[in-house]
Amino acid sequence: MIFIGLFLSITFVVIALNMYNHSNLAYIEEYLQKNNCQEYAYSKGSYKAFCDDYFIEIKNSFIVNLDENSNIFKYKDINNLEINQLNLIINTHKISFKEKEEVAEFYKKISEKINK
């Protein structure tokens with residue numbers, strides 16, 4: 001009987017955390033859509049998105065605070081852009097990706113936006 005109660009408690013906690021995480025992701029996606037961020041991807045625990053005048057990285061955390069959990073890079077302020085293994089380095093900030101193709105794609109698109 002104790003094991004059943006323990007199992008049900010753990011199951012309830014896992015389901016609640018999953019629902020809370022889903023609401024965080026929906027909040028971030030809603031923010032990106034409101035700010036006209038056309039192309040975005042979720043990789044390595046953060047959203048990376050191309051908006052009209054800037055590139056944004058929003059980290060997913062337990063409590064989503066866009067002021068603290070996001071990094072905004074205006075295209076006109078990007079002085080240094082390079083690839084280092086699975087990381088894209090913008091000025092001095094490192095953005096991590098899972099695959100080389102993702103890094104190359106984001107590098108190409110940011111380079112195009114900078115050169116416009």
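Residues are numbered from 1 along each chain as its sequence is written, and side-chain values use heavy atoms, with hydrogens and water left out. As the model is predicted, local features need a pLDDT of at least 70 and side-chain atom pairs count only at pLDDT 80 or more, while totals for chains, interfaces and linings use all residues. Here pLDDT is the predictor's confidence in each residue, on a scale from 0 to 100. The protein chain has a mean pLDDT of 82, and 92% of its residues reach 70 or more. Confidence is highest in β6, at a mean of 90, and lowest in α1, at 74. These element names follow DSSP runs numbered from the N terminus, with helices (H or I) of at least four residues and strands (E) of at least two.

The interior comes next. A nonpolar core is taken as a set of buried Ala, Val, Leu, Ile, Met, Phe, Trp, Tyr and Cys residues joined through side-chain atoms within 4.5 Å. Buried means under 20% relative accessible area, exposed means over 50%, and partly exposed lies in between (1.4 Å probe, protein chains only). The largest nonpolar core contains 13 residues, and Phe55, Ile78, Leu88, Ile90 and Ile110 have the most contacts inside it. Both β6 (87-90) and α3 (100-114) supply at least two residues each to this core, and the largest share, three residues, comes from α3. Around Ile78, contacts (heavy atoms within 4.5 Å) are made with Phe73, Ile90, Asn91, Ile110 and Ile114, leaving aside neighbours within four places in sequence.

Not counting residues up to four places away in sequence, Phe106 touches Ala41, Lys48, Phe50, Phe55, Leu88 and Phe97. Between Phe106 and Asn71, which are 35 residues apart along the chain, the C-alpha atoms are separated by 15 Å. Ser70, in strand β4 (residues 70-74), is also buried, with a relative accessible area of 15%. With neighbours within four places in sequence set aside, Ser70 is in contact with Ile56, Glu57 and Ile58. Ser70 and Asn60 are ten residues apart in sequence, and their C-alpha atoms lie 9.2 Å apart in space.

Charged side chains complete the picture. A salt bridge is counted where a side-chain nitrogen of Lys or Arg lies within 4 Å of a carboxyl oxygen of Asp or Glu, and by this rule there are three. In helix α1, Lys34 and Glu30 sit four residues apart, about one turn of the helix, and their side chains meet at 3.2 Å, N to O. Lys34 is exposed, with a relative accessible area of 66%, whereas Glu30 is partly exposed at 41%.

The other bridges both involve Lys109. Glu39 pairs with Lys109, the closest N and O atoms being 2.3 Å apart. This pair links distant parts of the chain, with Glu39 in strand β1 (residues 39-43) and Lys109 in helix α3, 70 residues apart. Both partners are partly exposed: Glu39 has 37% relative accessibility and Lys109 has 23%. Lys109 also bridges to Glu105 at 3.1 Å, N to O. Lys109 and Glu105 share helix α3 and are four residues apart, about one turn of the helix. Glu105 is partly exposed, with a relative accessible area of 40%. Through shared partners, salt bridges join Glu39, Glu105 and Lys109 into one network.
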